[in-house]
Every structure is written in C-alpha cells, then in structure tokens.
Amino acid sequence: MFSIFSGFTFIHNSKKVATYLYDTTEDSEKIGAIIPRWGFGIEIGFDLT
C-alpha cells in the first residue's frame, strides 16, 4: 500500500524550543509556531495463512 500524508505541527512555546535546540542545530532560529510536514509511506504485508 502506498500512502501520502501531510499536516501541521503546532508548537505552543516556540521560543523555548529554539533556545533548547540552539546548541545542537544552526536552524534553531527557524523554529516557528506552525511547522508544515509532508511525506509518503509504503506498507508491505505478508499473508502467512
């Protein structure tokens, strides 16, 4: 099965998250209150009966 997904992540306190990530990534200043996300997935199943 092939699936495509999208959505948004809402961060309640984005400034605190940016401060927390400051030491680990250069992109910490880009953290916003709403972050879009999208992607795709593949599910493979086996019928063993």
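This is a predicted model: local features need pLDDT of at least 70, side-chain atom pairs count only at pLDDT 80 or more; totals for chains, interfaces and linings use all residues.
## The aromatic pair

The structure holds 1 aromatic pair. Its members are Phe2 and Phe40, whose rings lie 5.9 Å apart, centre to centre, with 35 degrees between the planes. The pair is described as tilted, because planes under 30 degrees apart count as stacked and those over 60 as edge-to-face.

## Surroundings and exposure

Leaving aside residues up to four places away in sequence, Phe2 touches Phe40, Gly41 and Ile42. Phe40 is thus both a contact of Phe2 and its partner in the aromatic pair.

Are these two residues buried or exposed? Phe40 has a relative accessible area of 59%, and Phe2 has 54% relative accessibility. Both residues therefore count as exposed, since the term applies to values over 50%.

## The nonpolar patch

Phe2 and Phe40 also belong to a nonpolar patch on the surface, together with Ile4, Ile42, Ile44, Phe46 and Leu48. The accessible area of these residues together is about 1,000 Å². Ile42, a contact of Phe2, is likewise one of the patch residues.

Which strands each supply at least two residues of the patch? They are β1, which covers residues 2-10, and β2, which covers residues 34-42. Phe2 has its place in β1, and Phe40 has its place in β2.

Definitions and conventions. Residues are numbered from 1 along each chain as its sequence is written. Side-chain values use heavy atoms; hydrogens and water are left out. Patches are made of residues with over 30% relative accessible area and no salt bridge: like charges are joined within 9 Å, nonpolar side chains (Val, Leu, Ile, Met, Phe, Trp, Tyr) within 5 Å. Accessible areas come from the Shrake-Rupley method with a 1.4 Å probe; for residues, only the protein chains shown count as cover. A salt bridge is a side-chain nitrogen of Lys or Arg within 4 Å of a carboxyl oxygen of Asp or Glu. Helices (H or I, at least four residues) and strands (E, at least two) are DSSP runs, numbered from the N terminus. Buried means under 20% relative accessible area, exposed over 50%, partly exposed in between (1.4 Å probe, protein chains only). Contact means heavy atoms within 4.5 Å. Rings of Phe, Tyr and Trp (its six-membered ring) pair if their centres lie within 6.5 Å; planes under 30 degrees apart count as stacked, over 60 as edge-to-face and the rest as tilted.
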